Number of protein chains: 2
Amino acid sequence: MLKVLKFGGTSVGSLDRIQNVANIIKKIRDEGHDVIAVVSAMSGETNKLIEYAEYFSKDPKKSELDMLLSSGERVTSALLSIALNEQGYKAVSMSGRQAGIVTDNSYTKARIENINTKSMKKAISEGKIIIVAGFQGITEEGRVSTLGRGGSDLTAVAIAGAIEADVCEIYTDVDGIYTTDPRIEPKAKKLDKISYDEMLELASLGAKVLQNRSVEMAKKLNVNLVSRSSFTPEVEGTLITKEENIMEKPVVSGIALDKNQIRVGMYGVADKPGIAAAIFTSLADENINVDMIVQTVGVDGETDLDFTIPTTDFEACKRVMEKFKKDAGNIDYNDSICKVSIVGVGMKSHTGVASKAFTTLAQENINIRIISTSEIKISMIIEEKYAELAVRSLHDAYNLDK
Amino acid sequence: MLKVLKFGGTSVGSLDRIQNVANIIKKIRDEGHDVIAVVSAMSGETNKLIEYAEYFSKDPKKSELDMLLSSGERVTSALLSIALNEQGYKAVSMSGRQAGIVTDNSYTKARIENINTKSMKKAISEGKIIIVAGFQGITEEGRVSTLGRGGSDLTAVAIAGAIEADVCEIYTDVDGIYTTDPRIEPKAKKLDKISYDEMLELASLGAKVLQNRSVEMAKKLNVNLVSRSSFTPEVEGTLITKEENIMEKPVVSGIALDKNQIRVGMYGVADKPGIAAAIFTSLADENINVDMIVQTVGVDGETDLDFTIPTTDFEACKRVMEKFKKDAGNIDYNDSICKVSIVGVGMKSHTGVASKAFTTLAQENINIRIISTSEIKISMIIEEKYAELAVRSLHDAYNLDK
């Protein structure tokens, strides 16, 4: 098999952690697999370099920042290659450029345009282990670019797609995707398999582990992703794959919790045509991610509008809403809420999933403020103080610990 | 003018030292010059990376070591470019590759094969200040290589030669080349100008400042070198140039001292033909740099052979001499000696320079053990304990403080 492995910052966070990664790679190599390993900078390095840059400028020139930040991953890739060569393995480090990764010119958040796999294929055919410096590429003009947050995961997934690897294993410090956050529900179980779409909906469970951008790319390129731990490499991780590859589909796969939500309420909005459209267009123009929306029209013809936004967009949202003050009787913001979601591809063909959720929360006297449903997800906005109770009781109701 | 400036590790040793370098560059730019600055890694960085590599291997794979070590200069070049852009100057960092520096495959001590100046010329024509990461290039196969000790100086000189710069200024923490080591003779004077050949002979005075490899390349490429300090940029440095460019040639330019010499004596060598040749061939085969040689044939037909080697070659020399033990009555090694040299292009046309040296030392009761002379240098081996006295009295005898 051709395996692409990705090791994040904590997995290569010290010299002996790098040695540990070398041992993982050796073992996989000894099992007869071809290996391309993608590495991040040692944890703390990138932040140190950003601090250096900020000594000179609050807004460092982006193309220069990329030249600066790309050095951290190069260091890790060279060290890992040195460790493998020392033990008699043929390994070769490659920068983004050497690995053939071409991006657009959007420095600090570049998009991969294509990957010329020639050098990598040649090295593989020569029996070499390839160590790619993640997070970086090169523009058409030959300047170094970086891919932004989670960039090394993208490098790994894009390489796995381009070179048609059998699997792309993402190593972090957690050993897979759980039915819910084990810090909230100790009975949470690690999932063996999960579909791309479920993973995207469970983002809050896996955000530390897998960013949506990488999962989306894996789905698009049809890459089998595995989330596993470099601290316990003997533990099988969670496979994230096409729905068709999952034989036994559970009705519900997991319970996600998101506390970083703010509920915006507009009460007594004048019943002018298009007012809701105008509000949401303005919010979209400011790149504010509106999540759940409920609109209720009262008997007096006045409208109440409820929606949620991420906490990070709060200030921007307030600025936009200022413009619509004249249209509403009252606008209020509530950050003491949270979003609990039930996710599972099995829902599509099962009835009663939603009603079980409502019943379960009702039994605990938890009021649901907003509900939104999709084919594979039911999300509910509730008071934040009930967050953990709601997660535990839903986890139990769907028998996720079994 | 087009100026190539080179800033070494101590000149960019901290963030505020880098800011200081930005200020020097701005001033030169404001005077209307085009600028290409070549930078080293921040002092300590390269050693830190070597320590990292040695954690994994006593003899790290050289091509990977180069990938590793090249990152330090990239960081400095990006930071300096960020500092200049912040202050409204158009600056662009370039790695060795981006600057068009192609080397051979001798990783960790690569030789520059050619420089494609296209990118640099384009950037200059766009009014940009170029900041080149020193010490590194790229092989024909596209792998990163480094140039070994003093590599950033070589980068600067090679670029200055290839792009036909008007001057190549090497900034360190000393402000030029002195008539002798000021720690020995406080009356030592800074030289305004000196020829390449004199600089090469004065290596011991300038070794910290300019390595012979760079001076040789400057001579070959006809590059005007200036040695000056980034700590006192207002002080004019020393120009190292062609002899023809130096109007007023002093008889003696400086007094050099080298304490890192060992004298090897072979006494009572059998008068076999070719024995001396065999010894020196064997030493050369081991890359031992034999400096001064004296051979004396006694009345009995036996030969005494005296020569000096650098202290660093001592162990290797002893191994070679072991093979010739049978040919000599006695071999001894003396490390309590030193070499004092009088250097000056004016000697060629002046008589009496050598006799003045011998007289001066005789007056101080200093015995000369070995003498060797060239067109522009007289070197003498004396007892090490007289080193400082000899330097001071010769400095005085040739009126170098005037």
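**Exercise 1. Which residues of helix α12 (residues 387-397) of chain B are buried?**

Solution. Start with the ground rules. This is a predicted model in which local features need pLDDT of at least 70, side-chain atom pairs count only at pLDDT 80 or more, and totals for chains, interfaces and linings use all residues. Residues are numbered from 1 along each chain as its sequence is written, chains are lettered from A and ligands numbered from 1 in the order in which they are written, and side-chain values use heavy atoms, with hydrogens and water left out.

Step 1. Helices (H or I, at least four residues) and strands (E, at least two) are DSSP runs, numbered from the N terminus. Buried means under 20% relative accessible area, exposed over 50%, and partly exposed in between (1.4 Å probe, protein chains only).

Step 2. Read the helix. The buried residues are B:Ala387, B:Ala390, B:Val391, B:Ser393, B:Leu394 and B:His395.

Step 3. Find the cover. Contact means heavy atoms within 4.5 Å. The elements covering the buried residues of α12(B) include β13 (254-258), β18 (337-343), α11 (353-363) and β20 (377-383) of chain B.

Step 4. Look past the helix. B:Asn399 follows α12(B) and has a positive phi, near 55°.

**Exercise 2. Describe the overall build of chain A.**

Solution. Step 1. Count the elements: chain A has 12 helices and 20 strands.

Step 1. Check the radius of gyration (over C-alpha atoms; the globule rule is 2.2 Å times the number of residues to the power 0.38). A compact globule of 402 residues would have a value near 21 Å; chain A has 24 Å, which agrees. The C-alpha trace spans about 80 × 55 × 30 Å along its principal axes.

Step 2. Turn to burial and contacts. Of the 402 residues of chain A, 55% count as buried. Among contacts with a separation of 6 or more, 75% come from residues 24 or more positions apart.

Step 3. Take the surface (Shrake-Rupley method, 1.4 Å probe; for residues, only the protein chains shown count as cover). Chain A exposes about 17300 Å², and carbon and sulfur atoms supply 47% of that area.

**Exercise 3. Is A:Arg183 buried or exposed?**

Solution. Step 1. Locate the residue: A:Arg183 lies in the loop between β9 (167-172) and β10 (193-195) of chain A.

Step 1. Classify: at 76% relative accessibility, A:Arg183 counts as exposed.

Step 2. Check the record. A UniProt "binding site" feature from an unreviewed entry covers A:Arg183, with other positions including A:Lys6, A:Asp173 and A:Lys208.

Step 3. A:Asn287 is in the loop between α9 (275-285) and β15 (293-297). A:Asn287 is exposed, with a relative accessible area of 68%. Its phi is positive, near 60°.

**Exercise 4. Which residues does B:Asp332 touch, leaving out those up to four places away in sequence?**

Step 1. Classify: at 31% relative accessibility, B:Asp332 counts as partly exposed.

Step 2. List the contacts: B:Arg263, B:Val264, B:Gly265 and B:Tyr267.

Step 3. Take one pair. B:Asp332 and B:Arg263 are 69 residues apart along the chain, and their C-alpha atoms are separated by 8.2 Å.

Conventions:
UniProt positions renumbered as here; feature names shortened; annotations may be inferred.
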